[in-house]
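I opened this notebook to keep a record of what I looked up in one structure. The entries follow the order in which I worked.

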Amino acid sequence: MKVKQACMAALVLSAAAAQAQWYGEIGATPLSVKGTVEGNTLKAQPTMIGIVAGYQFHPNLAVEGMLGTNANSDTISLNGTEVPGTSLKVNRAYGLFIKPKVMLSPDWELFGRLGVVENKTTGQVGSYSITDTDHDVAYGAGLSYYFDKTTYGSLSYTNFYDKQGTRTQGTTLSVGMKF
């Protein structure tokens, strides 16, 4: 009886290992940063470029690490009016996510993300700059299209930060490859 159980366990483990897979993505994320300071609304739309490395350990679940940096800073607007000599940029962002997902068809995959992100941003006003590092729970959802068995493109929305009167969110367009 123990030999039969050992064979079944080996079969289950080998099937799980066959489904496990590493993947990587690179993408661009135009961000929307909105905040309120003393009743005034501040907005900026910097762009972040980032990479994601993930490990799919089940057909419907993966774990991912994300690393991003500034691709383009943006002028800060105050109550809808751009303020000359100002800018906001993302120095770095990194995070860890769980990614539940489901194949809708052989080519389309729907996924969600839930995790934590830490970001470091710099706001510039003339020659004066303020750098701040914060972290928050991040979440989002997206859709991937598989061009073939290993290459895909994705479009996703993520809410990166929502604390202390400031909200940062963005839509990412990325390409990925399974290894």
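The entries below go from the overall fold to spaces, charged pairs and surface.

**Entry 1: overall fold.** I noted at the outset that this is a predicted model. I counted one helix and 11 strands. Along the sequence I read the order as α-β-β-β-β-β-β-β-β-β-β-β. I then looked up burial and found that 35% of the 179 residues count as buried. For contacts with a separation of 6 or more, I recorded that 54% join residues 24 or more positions apart.

Entry 2: The largest cavity has a volume of about 210 Å³, and 18 residues line it. Nearest its centre I listed Thr-29, Val-52, Met-66, Arg-113 and Thr-172. Strand 1 (21-37), strand 3 (47-58), strand 4, strand 10 (151-163) and strand 11 (166-178) each give two or more residues to this lining.

**Entry 3: open space.** The elements giving two or more residues to the pocket lining include strand 1, strand 2 (40-44) and strand 7. Which strand gives the most to this lining? I recorded strand 8, with seven residues.

**Entry 4: charged pairs.** I counted six salt bridges in the structure. In one of them the side chains of Arg-113 and Glu-25 meet at 3.6 Å, N to O. Arg-113 is in strand 8 and Glu-25 in strand 1, so this pair ties together parts 88 residues apart in sequence. Are these two residues buried or exposed? Arg-113 has 11% relative accessibility and therefore counts as buried; Glu-25, at 7%, is likewise buried. I also noted that Glu-25, Glu-64, Lys-99 and Arg-113 are linked in a network of salt bridges.

I then looked up Arg-92, which forms a salt bridge with Glu-118, the closest N and O atoms being 3.5 Å apart. Because Arg-92 lies in strand 7 and Glu-118 in strand 8, the pair ties together parts 26 residues apart in sequence. Arg-92 is partly exposed at 27% relative accessibility, and Glu-118 is partly exposed at 21%.

A further salt bridge joins Glu-109 and Lys-101, with 3.5 Å between the closest N and O atoms. I recorded Glu-109 as buried, since its relative accessible area is 3%, and Lys-101 as buried at 7%.

**Entry 5: nonpolar surface.** I found a nonpolar surface patch of about 770 Å², whose members include Phe-57, Leu-96, Val-116 and Tyr-157. Strand 7 (86-103), strand 8 (108-125) and strand 9 (128-146) each supply at least two residues of the patch. Val-116 is placed in strand 8. Its relative accessibility is 48%, so Val-116 counts as partly exposed.

Entry 6: Where is Thr-75 found? I located Thr-75 in the loop between strand 4 (61-72) and strand 5 (77-78). Thr-75 is partly exposed, with a relative accessible area of 27%. Beyond its neighbours within four places in sequence, Thr-75 is in contact with Lys-43, Ala-44, Glu-82, Val-83, Thr-86 and Ser-87. I also looked up Leu-88: its C-alpha atom is separated from that of Thr-75 by 6.4 Å, with the two residues 13 apart along the chain.

Terms used. Residues numbered from 1 in each chain as written. Predicted model: local features only at pLDDT ≥ 70, side-chain atom pairs only at ≥ 80, totals over all residues. Heavy atoms only, no water. Patch = residues over 30% accessible without salt bridge, like charges linked within 9 Å, V, L, I, M, F, W, Y side chains within 5 Å. Areas by Shrake-Rupley, 256 points an atom, 1.4 Å probe, with all protein chains shown as cover. Salt bridge = Lys/Arg side-chain N within 4 Å of Asp/Glu carboxyl O. Helix = DSSP H or I, 4+ residues; strand = E, 2+ residues; numbered from the N terminus. Buried < 20%, exposed > 50% of the residue type's maximum accessible area, 1.4 Å probe, protein only. Contact = heavy atoms within 4.5 Å. 1 Å grid on protein atoms, 1.4 Å probe; cavity = no way out; pocket = protein on both sides within 12 Å on 5 of 7 lines; lining within 4 Å. Points joined across faces, edges and corners; volume = space filled by probe spheres on them.
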